[in-house]
Amino acid sequence: MEIVVSGIRPTGNLHLGNYFGAVKNFLRLQDEYNCFFFIADWHSLTTHPHPGDVKVNVRKILAEYLACGIDPFKSAIYMQSDIKEILELYLYLNMNAYLGELQRVTSFKEKARKQPENVNAGLLTYPTLMAADILIHRADKVPVGKDQEQNMEMARKFARRFNMIYGVDFFPEPQSYSFGGDAIKVPGLDGTGKMGKSEGNAIYLIDDAVTIRKKVMKAVTDSGPVEPNSEKPEAIANLFAMLKIVSSTDTYDYFNEKYNTCQVRYGDLKKQLAEDIINFTSPIRERILDFSANIEYMDKVAHEGAEKARESAEKTIREVRKIIGF
């Protein structure tokens, strides 16, 4: 069975964009592949988080993974920092990574520009740590967005380079797994772009009903259409895109018809959208709260997931040491 690896940094709660863009597809992948899903707590250290925040955020993501339906009996769910073999492979890959190629990575240049006071070595070698996360399990597929494609190419480059230097065919070249038509782009509520934490336009799976209503009612709109069947501006198209995701077909068709006949009332549309989002997220939110309260169970899941991941990682490292000559 092919191996799939995917990780998420513990920098905040999951939002609807995370759910429809990736997590929903993870539920399908875990039935088809040997999956390793990890929480990338080492990666988060590039921003120097407070020690207490790391532990809290890791548990948030774990509870949300479980609440969304990722099954610890089907997949290994673990903390990156529980698999020390990743760091050893990270060291070996860094020995064959070159300063110039790391400095040319787009994500490094962008982060260095945004945080010039904190251009650390971890930020520079982010691609090698990401490669170690993947290659430690000799993964075949990695579900990633387009923003990670350059880092994926670096992972393939490091795999090829290791094989070439040591004259082996050990590491497969991991391929980016695209969800294709199954991936849904969830828009933000600020009138532009996709939903995201940094954009401040997200609805989180943990948000309560009052918070969701407030966020949706503040969504950007205009004065309404003045001609029948006119094209929807981006902000309005975003609202209708959200309707299509969480509402019934009848609800979407009703408001779409009202828009096309210049009779739409955005207040009514947003009230309906808010209630439909609440109906969708409430069961997930309840499960998040239940899992969050059961620390013993979450620790058990993380421990058992780490054991599964460590078994795979130890096997890889034993072979890597032998290949290198240790």
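Predicted model: local features only at pLDDT ≥ 70, side-chain atom pairs only at ≥ 80, totals over all residues.
Let me begin with the charged side chains. A search of the whole structure finds 15 salt bridges, and I will take three of them in turn. In general terms, side chains of opposite charge can pair when their charged atoms come close.

The pair of glutamate 32 and arginine 28 has its closest N and O atoms 3.9 Å apart, and because these two residues are 4 residues apart in helix H1, which covers residues 16-32, about one helical turn separates them. Glutamate 32 is partly exposed, with a relative accessible area of 39%, and arginine 28 is likewise counted as partly exposed, at 26%.

The next pair is arginine 160 with glutamate 173, whose side chains meet in a salt bridge at 3.0 Å, N to O. Arginine 160 is partly exposed at 36%, and glutamate 173 is partly exposed at 33%. Both residues also belong to a network of salt bridges that links Glu149, Glu153, Arg156, Arg160 and Glu173.

The last pair I will show is glutamate 275 with arginine 213, at 2.6 Å, N to O. Here glutamate 275 comes from helix H12 (residues 266-293) and arginine 213 from helix H9, so the pair ties together parts that are 62 residues apart in sequence.

Staying with helix H9, which spans residues 209-217, we find valine 216. Is valine 216 buried or exposed? Valine 216 is buried, with a relative accessible area of 0%. If we set aside neighbours within four places in sequence, valine 216 is in contact with Leu189, Ile203, Lys270, Leu273, Ala274 and Ile277. Asparagine 201, which is 15 residues from valine 216 in sequence, lies 9.9 Å away from it, C-alpha to C-alpha.

Finally, I turn to the second largest pocket, which holds about 160 Å³ of space. Helix H2 (51-68) and helix H13 (295-324) are the elements that give two or more residues to its lining, and the largest share, 5 residues, comes from H2. The lining includes Val54, Lys55, Met298 and Asp299. By residue class, the lining of this pocket divides into 6 nonpolar, 1 polar and 4 charged residues.

Note on methods:
Residues numbered from 1 in each chain as written. Heavy atoms only, no water. Buried < 20%, exposed > 50% of the residue type's maximum accessible area, 1.4 Å probe, protein only. Contact = heavy atoms within 4.5 Å. 1 Å grid on protein atoms, 1.4 Å probe; cavity = no way out; pocket = protein on both sides within 12 Å on 5 of 7 lines; lining within 4 Å. Points joined across faces, edges and corners; volume = space filled by probe spheres on them. Nonpolar A, V, L, I, M, F, W, Y, C, P; charged D, E, K, R; others polar. Salt bridge = Lys/Arg side-chain N within 4 Å of Asp/Glu carboxyl O.
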